[in-house]
Amino acid sequence: MSQLIKVTRPTKIELIKLRRRLTLASRIQKLIKDRVSILVMEFLQIAGQTVEVKKGLLDDFSAMYKALSLAAGYHGYIALEKELTASEGGLEVVAGLRNIGGVKIPAFELKKDKQTLRGYSMIDTSSWLDRTAELSEKCLEAVVELAELQRGMAQLGMEINRTKRIVNALEHLIIPGLQATIKYLNMKFEERDREEKSRLKRVKVLLERK
């Protein structure tokens, strides 16, 4: 049985207030359910993107490792290390926020260096090193994108759980409590009306006897 809501006095004014609260709670419940549906759809979409990006990243890592191995075999480790050291550059990731269904999730952007050349000698190096550098840049972009997607999923997951708890509280506690209290007060008032009518009848009979 649902727990009754505490009312200061069982009056008809309180009954009207409870009915208004029930209407408001039902509207809020519908709005929150709609929001949960939107958040779940966004969560599933991001989860699908995450799987795709992770799969692509693993493929690119594998291809990069292969290209790096071939470049190391062609140039030798010492010469390769020298070229790679010369190609080192700064890295900047700009963080922002985007809004999905009222949830602020992070957005990351990898700022590329304006330098067009990679820093190593294009004449003295092989195409395997170019391929390695190209795949490294691609992997780096995928890692940043994956971080954004996974953080977004975590944020949305937490918000979905929090919103579902509110929906459950409304559905299983607040709305049934309001409905039970309204029903209880209605019964109280009907009983009071019956007693009043009965009392008036008795008074009328007594007056007629006189």
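The model is predicted, so local features need pLDDT of at least 70 and side-chain atom pairs pLDDT 80 or more, while totals for chains, interfaces and linings use all residues. Residues are numbered from 1 along each chain as its sequence is written, and side-chain values use heavy atoms, without hydrogens and water.

Helix H1 covers residues 12–75 and helix H3 covers residues 127–209; helices here are DSSP runs of H or I with at least four residues, numbered from the N terminus. The two pack at an angle of about 165 degrees, with axes 4 Å apart. Axes are lines fitted to C-alpha atoms over the stretch in contact, and angles run from 0 to 180 degrees between N-to-C directions. H1 and H3 are therefore roughly antiparallel, a term for angles over 145 degrees. Their contact has 40 nonpolar, 13 polar and 14 charged residues. Nonpolar means Ala, Val, Leu, Ile, Met, Phe, Trp, Tyr, Cys and Pro, charged means Asp, Glu, Lys and Arg, and the others, including Gly, are polar.

Met 153 lies in H3. Apart from its neighbours within four places in sequence, Met 153 is in contact with Phe 43, Ile 46, Ala 47 and Thr 50, where contact means heavy atoms within 4.5 Å.

The axes of H1 and helix H2 (residues 77–86) come within 7 Å and cross at roughly 115 degrees. Here Leu 68, Ala 71, Ala 72 and His 75 of H1 meet Tyr 77, Ala 79 and Leu 80 of H2. Six residues of this contact are nonpolar, one is polar and none is charged.

Notes:
Parallel < 35°, antiparallel > 145°, perpendicular 65-115°, else oblique.
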